[in-house]
Amino acid sequence: MPPAPARREFRCPACGRDTWLLKKPRYDGFVRTGDALLCALCKHEFADESEIPFKDSAAPRVFTEADRPRPVRVFDESEKNRMCRHCREYVVNPFIQRCGLHHCEVEATDTCPAFAPRPPPAPAPF
Ligand SMILES: [Zn+2]
């Protein structure tokens, strides 16, 4: 099977969605005068390809800037060992991570002066 033609993807400034370029032949009478450049989703027309914020085709990127994970924080070993996620008071459920000692919301990577190491994991309750 031949590979699908590469879509030229971009984030449309008109509708704000990730979309791709739609080219529609434009005619003046019967004379083809060029292609209309449209957002495939909202049909916003661009006057020129230079207006279109194409994604870098050399290095295809699935994620946009906004999706990029926050910069990785580097922990030294002692700090790592004090992180809330390793603490016996750390409670995590689908909605919130909290400290059972201070009754506040925490991040897994927070550190706490009252850190107490979690005992080795018990066998799964399920
Ligand atoms: Zn659009």
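Does His-103, with 9 C-beta neighbours inside 10 Å, count as buried or exposed? His-103 counts as exposed because 9 C-beta neighbours lie inside 10 Å, where a residue is called buried if 20 or more other C-beta atoms lie within 10 Å of its own, exposed if 12 or fewer, and partly exposed in between, the C-beta atoms being placed from the backbone. The structure is a predicted model, in which local features need pLDDT of at least 70 and side-chain atom pairs count only at pLDDT 80 or more, while totals for chains, interfaces and linings use all residues. Residues are numbered from 1 along each chain as its sequence is written.

**The sheet**

- Four strands form an open sheet in the order 1-2-3-4, with antiparallel pairing; strands (E, at least two residues) are DSSP runs numbered from the N terminus, and two strands pair if DSSP finds at least two bridges between them.
- The edges of this sheet are strand 1 (9–11) and strand 4, each of which pairs on one side only.
- In a regular strand the side chains alternate between the two faces of the sheet.

**Strand 2 with strand 3**

- Strand 2 (residues 18–28) and strand 3 (residues 31–39) run antiparallel and are joined by eight bridges.
- Among the partners across this pair, Lys-23 is bridged to Leu-37 of strand 3, and Asp-28 is bridged to Val-31 of strand 3.
- The hairpin of strand 2 and strand 3 has two residues between the strands, and within this hairpin Gly-29 takes a positive phi near 65°.

**Strand 3 with strand 4**

- Strand 3 also pairs with strand 4 (residues 45–46) in the antiparallel sense, here over two bridges, and Leu-38 stands opposite Glu-45 in strand 4.
- Five residues lie between the strands in the hairpin of strand 3 and strand 4, where Lys-43 takes a positive phi near 65°.

- Lys-43, placed in the loop between strand 3 and strand 4, is a residue other than glycine with a positive phi, near 65°.
- Lys-43 counts as partly exposed because 13 C-beta neighbours lie inside 10 Å.
- His-103 is not a glycine either, yet has a positive phi of about 50°, and is found in the loop between strand 6 (97–99) and strand 7 (104–105).
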